[in-house]
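User: Hi! Could you show me how to read aromatic ring pairs in a protein model?

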Amino acid sequence: MPRAKFQTLTEQMFYILMCLKNECCGTDIMEKVRKMTNGRIVVGPGTLYNLLEQFVEEDLICETKIEGRKRSYILTDKGKKLLETEYNRICTQAEDFRRFLGKENDK
Amino acid sequence: MRDLKYRIELFSLYDHTNIEKHLKKMAAKGWMLEKIGRTFWVYNRIEPQNINFSAVYYPKDINEDKNMSEDRQNFIDMCTCAGWSFVLSSDKLHIFCCKNNDCIPIETDAQIQLECIHKFAKSEIIYGYFFFIIAAVIFTAFSGYLICKEPIETLADSLDAIWFWPFFIPFSLYNIIKYLIWHKNAKAAAERGEFYETKRIIRFEVLFCLPLYIFSSLLRTLMILEIQQILFVIFLIIFAAILVCIFKAIRKAYSKTKLSENAKLFFKFYTAIVLVAAYIAGIVLIYPIFPKSSEKFKKDSDSFIPSSYTVYHHKNLPVNLEDLIPINGVVSKYKFNDYLLLINLEKTEQYSLEDNSIELSCDITHVNFSPIFNACKKEIITISEKVAKNGFTIKKEADASVWNADEVYRYYKDGEPCNSYVVCIDDKIIQIIFGWEPTNEQIAIAAEKLKNA
């Protein structure tokens, strides 16, 4: 069954939103994500462009300034909340993993 | 050496995987995409090289601004920053290229990519072809209704349109179904986080429907034409092909000379004009050698040239005036029409050179498709009733035995019988007008001839 939009975030969504804790333009996000994850996650420009559009539509980020064709964005409160929810979800998953499989691995 | 190449590409526009592979192959052969046209894709000559391509679908509606909108340019800028070079746009499809093999892919999320393609395909493919299907079904149904109601007039007036529209239905359906299957597979792959590797999707209408339509139209034309006319058409094609080869050879010879570009252009233009003139001259010279349509009827007289008929020897006509009345010198006119192979029409007129009042007119409708026979008969009688004014009426004759026919209708004026009949014999509906009061013997001879017509 398909997931509801942004109910859970893909890795790319998660890191893009994380980059936008501080004001950032689209082209910088690609580089930031790559550095943040040591190249494990790459966001293509097409995907990034579309996600930024969708984030703005969902009020998760907002446009802060437009310099020529360069647009900058920042995370909104709704976006922060979503990011925290996702973080908690991942933490819960990690916690569950430790509880059930961590001990076995220790043995 | 040519610097531009025109190719008819059979890609569906959402088939980005194969578009990308194809463009990469073309670049390796030394051709870079320059333009995506409605019919042709144009390629520019480059040094053969290894270039990666990406076909991307811009999600927003750009109908408001056909030029490069700021949003779209912003999108292109982002791709450029990632190392991609913009090649061209065709509506919502953007082509980018990258000489570096390590370039970040433009699309890194299969779900997002599919959403973009689907937005584009919904309007271009699903709604577009759906509209075609609706239009084609309505037109085909309406044509069917008209064929049942007024087959002769409908087939005569809108033959090409009737022939053309039904072809839209299968290819439109095929395109919609083909896209929906592709979308289903791509969606399943995207939910697994994978990009769907598209199999080659052929544009059915280009590969199948269009050639079928051209072939069937050609076949229909050839069936109508006589062997001499077919030979003439073949001659025209071969003659044109020879002249094109000559032109190509001359152009190649010019390109090897040391003339200036302008001089070469002038001579090429001059050569083209000379060859076109040669083509026209060739047609004019050769045309009289090939006999014209219905030349099986030998011409009676060259002195009489009517506007819409050609004068032919009467002895080969379906009904012969001389067989009915002993006279010398007859002018005969003959005309033949073929309507979609369902109906053939033969029109003949004959009159005596000595006495114009002795005339015989006969229109034979051959109905080759029996389900429309009654409709044809009804149409002819209805038209006859409409045309027959000033006290004319048409009534069914109780006794058709004189004609040895299935049914006979006769015209009456002010209650008096006329010498005009509508006769149904086998698959033929015949409108025959005698210029005199025919005897039963004359009718029997005419009927016998018409039965075998």
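Here is a short walk through the ring pairs and their surroundings.

Analyst: Happy to! This is a predicted model, in which local features need pLDDT of at least 70, side-chain atom pairs count only at pLDDT 80 or more, and totals for chains, interfaces and linings use all residues. Side-chain values use heavy atoms, with hydrogens and water left out.

User: How is a ring pair described, and how many aromatic pairs are found over all chains?

Analyst: A pair of aromatic rings is described by the distance of the centres and the angle of the planes. Rings of Phe, Tyr and Trp (its six-membered ring) pair if their centres lie within 6.5 Å; planes under 30 degrees apart count as stacked, over 60 as edge-to-face and the rest as tilted. The whole structure holds 22 such pairs. One of them, B:Tyr129 with B:Phe132, is tilted, at 6.4 Å between centres and 40 degrees between planes.

User: Where do B:Tyr129 and B:Phe132 lie?

Analyst: Both belong to helix H3 (residues 110-149) of chain B, 3 residues apart, about one turn of the helix. Helices are DSSP runs (H or I, at least four residues), numbered from the N terminus.

User: Is B:Tyr129 buried or exposed?

Analyst: B:Tyr129 is buried because its relative accessible area is 15%, while B:Phe132, at 29%, is partly exposed. Buried means under 20% relative accessible area, exposed over 50%, and partly exposed in between (1.4 Å probe, protein chains only).

User: Which residues do ring pairs link into a cluster?

Analyst: That cluster joins A:Tyr49, B:Phe75, B:Phe86 and B:Phe96.

Technical notes. Residues numbered from 1 in each chain as written. Chains lettered and ligands numbered in written order. Helix = DSSP H or I, 4+ residues; strand = E, 2+ residues; numbered from the N terminus.
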